[in-house]
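Hi everyone, thanks for making time this morning. Let me put the sequence and the model up on the screen, and then we can walk through it together.

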Amino acid sequence: MPKYMLTMSAKKDGVILTNSYSFEAKTLFSEDMLINDFREFHPGHEDIRVMSYIEIAADFRMKPIIDNSPALSKLAYA
């Protein structure tokens, strides 16, 4: 089963939260699905973003599925 690494960020009460997850899954998840799942398990957070979503191959090569980190690192949360 493929392995994935996911980093997400969100804001709550003016504080930016960044969470990273490692997991195995049989299918890829869309960015919208990842954001909706985060929202479900972390109510009250806003401005939820997928920073990166990477597949980790058996030889440990990393294949980016979603990589918003360069663009988001240049943006400040308003």
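Let's begin with Lys3, which counts as partly exposed at 42% relative accessibility. On this scale, buried means under 20% relative accessible area, exposed means over 50%, and partly exposed is in between, using a 1.4 Å probe and protein chains only.

A quick word on where this comes from. This is a predicted model, in which local features need pLDDT of at least 70 and side-chain atom pairs count only at pLDDT 80 or more, while totals for chains, interfaces and linings use all residues. Residues are numbered from 1 along each chain as its sequence is written, and side-chain values use heavy atoms, with hydrogens and water left out.

Back to Lys3. Which residue forms a salt bridge with Lys3? That is Glu24, with the closest N and O atoms 3.4 Å apart. By salt bridge I mean a side-chain nitrogen of Lys or Arg within 4 Å of a carboxyl oxygen of Asp or Glu. Lys3 sits in strand 1 and Glu24 in strand 2 (residues 15–24), so this pair ties together parts that are 21 residues apart in sequence. Strands here are DSSP runs of E, at least two residues, and helices are runs of H or I, at least four, numbered from the N terminus. Glu24 is partly exposed too, at 45%.

The structure has three salt bridges. Another joins Asp47 to Arg49, at 3.0 Å between the closest N and O atoms. Asp47 is partly exposed at 34%, whereas Arg49 is buried at 17%. Then there is Asp59 with Arg61, at 2.7 Å from N to O; here Arg61 is exposed, at 58%.

Now the inside. The largest nonpolar core has twelve residues, among them Tyr4, Ala25, Phe38 and Ile66. Such a core is a set of buried Ala, Val, Leu, Ile, Met, Phe, Trp, Tyr and Cys residues joined through side-chain atoms within 4.5 Å. Strand 1 (3–12), helix 1 (31–41) and strand 3 (46–56) each supply at least two of its residues, and strand 1 gives the most, with four.

Last stop: His45, in the loop between helix 1 and strand 3. Is His45 buried or exposed? It counts as buried, at 15%. Leaving aside residues up to four places away in sequence, His45 touches Ala10, Lys11, Lys12, Leu17 and Phe38, where contact means heavy atoms within 4.5 Å. A polar atom of the His45 side chain also lies 3.0 Å from the backbone oxygen of His42.

Key
Polar contact = N/O pair within 3.5 Å; in protein donor to acceptor, adjacent residues only side chain to side chain.
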